[in-house]
Amino acid sequence: MTPDTPGNRLFDRPLRELGRALLFLFTAISRMRFSRLQLTETLRQIYFAGVRSLVIIVTCGFFVGLVLTLQTYDTLTRFGAGDAVSTVLALSLFRELGPVLTALLFAGRAGTSITAEIGLMRATEQLDALDLMAIDPMERIVQPRLIAGLIALPALVLIFNVTAIVGGVFFAVFLMGNDPVTFWSNMQASVELGRDFFGGMIKAVAFGFVAAWLAVWFGWSARPTSEGVALATTQTVIATAITVLILDFILSAFML
Amino acid sequence: MKSSHQIELTAGLFLLLAIAALVFLAMQATDRGVASGPTYEISASFSNVGGLKPRAKVSMGGVTIGMVERIGLDPDTFDARVTMRISERYDNLPEDTSASILTAGILGDQYVGLEPGGSPEALRDGDRIMITNSAVVLEQLIGRYLFNTDGDDQ
């Protein structure tokens, strides 16, 4: 052990926490098994994480598209470049806003409920009960949620992008009377499938992985008390938000 | 609480919806990039490329047929050497095609415009375009106009 100096103590706890979270992730992945039951459970988790988040994703997506178009249209018309509004809308959505905002909403909607659920399982000793019944909680509880996050978040990003574009069309075409053909052709001309669109989807997969991992981990490691579960739920949102935004910068820097 | 059958069904529908969104976005909102599919490389030397950047489009008759791969300086002639990737679909560009660096609109991006020649021979991979027009640099143009240093007095 290293001597317990103040400097060490400062970094000791977060580093050990990170190490335990990584170890937890490796254990979960290395014990990955694919069975019929596993698939059913994963589908159920996709339902809870994905389908149940649809309302917030669709509503927020529509209004983000609306306000983004409103603001950029207002600015661009000052330079006589109102036609470029669809370019700005699509590029900022696909590259940044779609993945990042969806990940933040996902952390608030699905991440917290995963953490609270697993934390309560821990507190009410359900995880130990599973262990006693020779059912691996990693396999039954953790893995389906990890995979579900990995699948559900990119799916939500796609739906978010579509509704945001619908919001943009609604504002630019129906409210401001822009030409729909120009709107779409400008978007098509400036957005590249590989770099802009799939680049954003790579981010979505990465964010889904991080959001699910952190949510499961904070639930798993929650202190088995009501305060512990409450704290873990809060930590999930904070940690996911921070990680997603930092990761977003790193991924963007790599891809551009 | 919904039955597990319903939950699985809804989850399946959700994924289907996401795939529909993917198809919609891929078809409606994006361009597959100018250099999708097989391409071949040609190059051209310019005395000045102005603000031309890699990934700028290469067009002929207003149709985008490729993109700028890289721009480098020729160590011997000190000309700028622009390497372009042209889609394999247009593999019959005449050998005496000329290249100019143009600007889309007043403030638009710069791109390479190709003008077909009349030679029966076609440009092959690795070939070099001989006839080129450099970028019009606005500052030089204004300078010439202001000081009338072009020597072309009326």
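## Chain B: how much is buried

In this predicted model, buried residues account for 23% of the 154 residues in chain B. If you look at the contacts in chain B with a separation of 6 or more, 65% of them involve residues 24 or more positions apart.

How confident is the predictor about chain B? The average pLDDT is 81, and 87% of the residues score at least 70.

## Chain B: the parts list

Chain B has two helices and eight strands.

In what order do the eight strands of the open sheet in chain B sit? Reading across, you get β7-β1-β4-β3-β2-β6-β5-β8, and the pairing is mixed. The edge strands are β7 (128-129) and β8 (131-133) of chain B, and each of these pairs on one side only.

Let's start at the β8 end. Strand β5 (residues 98-103) of chain B runs parallel to β8(B), and three bridges link the pair. You can pick out a bridge here: B:Ser98 has B:Ile131 in β8(B) as its partner.

## A closer look at strand β4

Now find strand β4 (residues 80-87) of chain B. On one side, it pairs with β1 (residues 39-46) of chain B in the antiparallel sense, over eight bridges. B:Tyr40, for example, has B:Ile86 in β4(B) as its bridge partner. Strand β3 (residues 63-73) of chain B is also an antiparallel partner of β4(B), this time over seven bridges. In that pairing, B:Val68 stands opposite B:Met84 in β4(B). β3(B) and β4(B) make a hairpin too, with six residues between them. In the turn, B:Phe78 has a positive phi of about 60 degrees.

Which residues of β4(B) are on its covered face? They are B:Ala80, B:Val82, B:Met84 and B:Ile86. The uncovered face has B:Arg81, B:Thr83, B:Arg85 and B:Ser87.

## Chain A: helices and no strands

Over to chain A, where the count comes to nine helices and zero strands. The run from the N terminus is simply α-α-α-α-α-α-α-α-α. Along its principal axes, the C-alpha trace of chain A spans about 65 × 50 × 30 Å.

Of the 256 residues in chain A, 44% are buried. Take the contacts in chain A between residues at least 6 apart in sequence: 87% of those join residues at least 24 apart.

## Helix α7 and its proline

Zoom in on helix α7 of chain A. Which residues are buried in α7(A)? The answer is A:Phe183, A:Asn186 and A:Met187. If you look down the axis of α7(A), these buried residues fall within an arc of 100 degrees, so they line one face of the helix.

A:Pro180 is in helix α7 of chain A as well. Is A:Pro180 buried or partly exposed? A:Pro180 is partly exposed, because 13 other C-beta atoms lie within 10 Å. A:Pro180 and A:Val169 are 11 residues apart in sequence, and their C-alpha atoms are 7.8 Å apart in space.

## Where the two chains meet

For the complex, the predictor gives an ipTM of 0.74 and a pTM of 0.74. In the model, 24 residues of chain A are in contact with 20 residues of chain B. On the side of chain A that touches chain B, α2 (36-49), α6 (137-175), α7 (180-190) and α8 (193-220) of chain A each supply at least two residues.

Which helix gives the most to this side of chain A? That's α6(A), with six residues. Sorted by class, the side of chain A that touches chain B has 16 nonpolar, five polar and three charged residues.

Technical notes. Residues are numbered from 1 along each chain as its sequence is written. Chains are lettered from A and ligands numbered from 1 in the order in which they are written. This is a predicted model: local features need pLDDT of at least 70, side-chain atom pairs count only at pLDDT 80 or more; totals for chains, interfaces and linings use all residues. Helices (H or I, at least four residues) and strands (E, at least two) are DSSP runs, numbered from the N terminus. A residue is buried if 20 or more other C-beta atoms lie within 10 Å of its own, exposed if 12 or fewer, and partly exposed in between; C-beta atoms are placed from the backbone. Two residues are in contact if their C-beta atoms, placed from the backbone, lie within 7 Å. Two strands pair if DSSP finds at least two bridges between them. pLDDT is the predictor's confidence in each residue, from 0 to 100. Ala, Val, Leu, Ile, Met, Phe, Trp, Tyr, Cys and Pro count as nonpolar, Asp, Glu, Lys and Arg as charged, and the others, Gly among them, as polar. The arc is that of the directions from the helix axis to the C-beta atoms.
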